[in-house]
Amino acid sequence: MKDIILRLENIKKAFGDTQVLKGIHLEIHRGEFITLLGSSGCGKTTTLRIIAGLEDADEGRVILEGEDITHAVPNKRDVNTVFQNYALFPHMTVAENIGYGLKIRKKSKEEIRRKVEEMLSLVQLEGFGDRYPDQLSGGQRQRIAIARAAVLEPKVLLLDEPLGALDLKLRRQMQLELKRLQKSLGITFIYITHDQEEAINMSDRIAIMNHGVFEQIGTPNEIYYHPETSYVASFVGDANIYREDGKLYAVRSENVLIHEEEECTHEAVVLEKSFAGGQLRILFELSDGQRITASRYGIDAEVAVGQRMKIGWKVAVEVKEQKGGSDEED
Amino acid sequence: MKKTKGCIWLVMPMYIFTLIFVAFPFLYMFLLSFMSRAKVWGVDFTFTLANYEKILDPLYLGTFVDSFKLAFLSTGIIVLLGYPYGYFMARMSEKWKKRMMLLIMIPFWTSALIRLYGWIIVFRSNGILDKVLTGIGLTDSPLKLLYTYPAVVVGMVYGLFPFMVLAVYSSAEKMDYRLVEAARDLGASSVKAFFTVTLRLTLPGLLSGVILTFVPSMGLFFIADILGGNKILLVGNVIQEQMTKGRNIPFAAAMSVILMILTSLMMALYRRVSGTTELEGIM
């Protein structure tokens, strides 16, 4: 039995006519790094804002360590947020930013100074205390934003796409750093992203959101190798969804076979081929109109558009219809 | 280098305009303030400091003090009314922003003088205000508000209120509201978040609003004239009277110079506090 620190019960939220959250349930374990993964507009940021108290749920309950905080004001919740684009106070120095929450809590000057120093060294920005946010790079601001929220030692730290504004190289580096920070702080992280690579690299568990519902909640391995729904399979694994006899199968593009005699039982036409990231991607159309993408490292380059051939696959995972409905609802 | 040259030629007309219509007249006024009064009309070009000595006369010094008092009072009221108006307007939806802005702009479509005459109708004995107040039984007899100090204050507040709203609005509009959310998230109550984040970040707008209301309220002689009768004398009224009835142009010039120095000091103070030379939303 895991220790549940935060529980979301049947949370519903609508903005105007749009039902953003359709009654979600989620249990978050103490000390875990859980990621809410989904494309934009799926409701992940709204979920986070409801936990932080910046948005009021229409229905349902938010339970933090057994206490119902559904309608508590943001400043009375033991959770803190690292905002998208950081939201550092531009009129305060780095040290004042980090010390803001401590000052509100009327801690002594000495204690504030000491904790700010501690946080600065934890995020490896010793000596930056007297600078202003506009004198920092994006990556540095990011660390300060995390330090500002984490210094209060909240029960849960909420991170809203904190790496979204950084370039790819810095993002990879910060992923490792965030993971290290989470380990050394021992705080529960709820992390939001639309980047499946980020989610898989950092998370203990991933909750995949689509149109206001969770499609699947599980470890990165479960999500990647045992997708439950077609949405999860295509969003996380870049898988083809193949329909046969009223059933849905997920077929990863790297598992699509070409020219191999035994499994290649499907007649197909080459529609497109392209190179991306050292891979050849070939889009096939099957005789029943379904489309399948295959990706390979540099081989089968002779395949020409319009060519007829037989394809097949070894690994096909049966999945359910996606829960969140299709994009046409938007 | 060529590019820079082209730019200079483009801004030249503005510099020439400023030189002819701002710098030269001011220099002329400054020089006039050290001249003597001519016997009948005009200026006797002999150097004197008498004009400045005359300002130290309690009679004139008093008008400076009165003007400052009135300006402080009006500006204070305008801050209390205009700041919330401008701030909440910035937080509204686009549709409501336009409506609220229209409410501010409509009065500008009518001459300020005509609008002031409107206030006379409101304030005069047995005017609209008296009728409403006696009608609902708050007062028995007419209040005789016209040509009193409160009437002038109302006129000042009414006339200068939009400048405060616009200045605060443009500052509040630029403020990232997520900073307030961040403050709340870090434990600040809404009041605490207002004073530590919102107020501090809209301060440039508030301060330029103060400048834009305080400075003109020292010189808006016609408001004091129309709503205050000749009972309330402000620096602006004295300058105007010295120019016209008193025909003492050098003295009027000297008073104007002092007024300009005082307002420049205000601007310098603004620069010190807000750390910027820009007047939010206006320049």
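In which strand of chain A does A:Thr188 lie? A:Thr188 belongs to strand 8 (residues 188-193) of chain A, where helices (H or I, at least four residues) and strands (E, at least two) are DSSP runs numbered from the N terminus.

This is a predicted model, in which local features need pLDDT of at least 70 and side-chain atom pairs count only at pLDDT 80 or more, while totals for chains, interfaces and linings use all residues. Residues are numbered from 1 along each chain as its sequence is written, chains are lettered from A and ligands numbered from 1 in the order in which they are written, and side-chain values use heavy atoms, with hydrogens and water left out.

A:Thr188 counts as buried because its relative accessibility is 1%; buried means under 20% relative accessible area, exposed over 50%, and partly exposed in between (1.4 Å probe, protein chains only). Its side chain reaches the backbone nitrogen of A:Gly31 at 2.8 Å. Leaving out residues up to four places away in sequence, A:Thr188 touches several residues, including A:Ile5, A:Ile28, A:Lys155 and A:Leu157, where contact means heavy atoms within 4.5 Å.

The largest nonpolar core has 141 residues, and A:Phe89, A:Ile98, A:Tyr100, A:Ile190 and B:Leu227 have the most contacts inside it; such a core is a set of buried Ala, Val, Leu, Ile, Met, Phe, Trp, Tyr and Cys residues joined through side-chain atoms within 4.5 Å. Helix 7 (residues 149-174) of chain B gives the largest share of this core, 12 residues. Apart from it lies another core, of 17 residues, among them A:Tyr242 and A:Val270.

| Feature of chain A and chain B | Value |
|---|---|
| Residues in contact | 25 residues of chain A, 17 residues of chain B |
| Buried area | about 1700 Å², 60% from carbon and sulfur atoms |
| Salt bridge count | 1 salt bridge |

Buried area is the accessible area (1.4 Å probe) that two parts lose on being put together, summed over both. In chain A, the residues that lose the most area to chain B are A:Asn75, A:His91 and A:Tyr100, together 31% of what that side buries. The side chains of B:Glu181 and A:Arg49 meet in a salt bridge (2.6 Å, N to O), a term for a side-chain nitrogen of Lys or Arg within 4 Å of a carboxyl oxygen of Asp or Glu.

Terms used
Polar contact = N/O pair within 3.5 Å; in protein donor to acceptor, adjacent residues only side chain to side chain.
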